[in-house]
Amino acid sequence: MTNQSETRLELYVRSLAPGVAREQQDRVIAQLKNLKDAAAIDDYTIEVWGKEVCATTEAARTDTGKQVLEKIAELEQWAAQNDRSLSSVFEVQEIDSTITGDQYTSIVLPLMVLAEYHDDDLVGVAPCAYEGAPVTIDEILATLDEQTDRPLIAAGHAGQ
């Protein structure tokens, strides 16, 4: 890396074998590896966090549930502080079961979300919206790709 801060990416996925987004996920994971190999980033991690988390159930109080909810809170706090929106990324649903009578809050997790850190500071999240326009994972990766000598993004994906 040419800068003095460490750049680390965290990719959160619903599954490592998604049906709908497999090609996109495979492409993003390959790009992460290529960015690390090209020294455009220092490191990356891939975390599987499932389809949804029920914020008001016992599962949310487990270590895993707490980690997912804390990550969502961190990403949402970054968005609020940086004039970004994650409203289309994390879908909050209030569930009323007519069968059991239970009521709970569920957060549907995106197929993929990427967090960019410089040292320990969160500096980017995708997907998100900025001034009403979408910011995609491909755009963040393309911006990082511009720091390398070889292209990692397929033609047709513009960087910021």
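This is a predicted model: local features need pLDDT of at least 70, side-chain atom pairs count only at pLDDT 80 or more; totals for chains, interfaces and linings use all residues.
Residues are numbered from 1 along each chain as its sequence is written, and side-chain values use heavy atoms, with hydrogens and water left out. The protein chain has an average pLDDT (the predictor's confidence in each residue, from 0 to 100) of 86, and 89% of the residues score at least 70. Over residues 150-160 the pLDDT is below 50. Beyond near neighbours in sequence, this stretch has 27 contacts in the model, a contact being heavy atoms within 4.5 Å.

Two aromatic pairs are present in the structure. Rings of Phe, Tyr and Trp (its six-membered ring) are taken to pair if their centres lie within 6.5 Å; planes under 30 degrees apart count as stacked, over 60 as edge-to-face and the rest as tilted. Tyr12 and Trp49 form a tilted pair, with 4.8 Å centre to centre and 35° between the planes. This pair links distant parts of the chain, since Tyr12 belongs to strand β1 (residues 7-13) and Trp49 to the loop between β2 (43-48) and β3 (52-54), 37 residues apart. Helices (H or I, at least four residues) and strands (E, at least two) are DSSP runs, numbered from the N terminus. Tyr12 counts as buried because its relative accessibility is 8%, and Trp49 counts as buried at 9%; buried denotes under 20% relative accessible area, exposed over 50%, and partly exposed the range in between (1.4 Å probe, protein chains only).

Trp49 also pairs with Phe90 in an edge-to-face arrangement, at 6.1 Å centre to centre and 75° between the planes. Phe90 lies in the loop between β4 (84-85) and β5 (91-96) and Trp49 in the loop between β2 and β3, so the pair ties together parts that are 41 residues apart in sequence. Both Trp49 and Phe90 are buried. Tyr12, Trp49 and Phe90 form one aromatic cluster.

Two arginines are placed over tyrosine rings. The criterion is that NZ of Lys or CZ of Arg is within 6 Å of the ring centre and within 35 degrees of the ring normal. The charged end of Arg8 sits over the ring of Tyr117, 4.3 Å from its centre. Arg84 lies over the face of Tyr130, at 3.9 Å from the ring centre.

Side chains of opposite charge can pair when their charged atoms come close. With a salt bridge defined as a side-chain nitrogen of Lys or Arg within 4 Å of a carboxyl oxygen of Asp or Glu, the count comes to six. One of these joins Glu10 and Lys71, at 3.0 Å from N to O. The pair links distant parts of the chain, Glu10 in strand β1 and Lys71 in helix α2 (residues 63-81), 61 residues apart. Glu10 is buried, and Lys71 counts as buried because its relative accessibility is 13%. Leaving aside neighbours within four places in sequence, Lys71 is in contact with Glu10, Tyr12, Trp49 and Tyr117; Tyr12 and Trp49 belong to the aromatic cluster. Arg8, Glu10, Lys71 and Glu74 are linked in a network of salt bridges.

A salt bridge also forms between Arg27 and Asp138, with the closest N and O atoms 2.9 Å apart. Arg27 in helix α1 and Asp138 in helix α3 are 111 residues apart, and the pair therefore links distant parts of the chain, Asp138 being buried with a relative accessible area of 9%. Arg27 counts as partly exposed at 26% relative accessibility. Asp37 is partly exposed, with a relative accessible area of 47%, as is Lys33, with 44%.

Helix α3 (residues 137-145), which holds Asp138, is mostly covered, eight of its nine residues being buried. The buried residues are Ile137, Asp138, Glu139, Ile140, Leu141, Ala142, Leu144 and Asp145. They pack against β1, α1 (22-37), β7 (112-118), β8 (121-126) and β10 (133-135).
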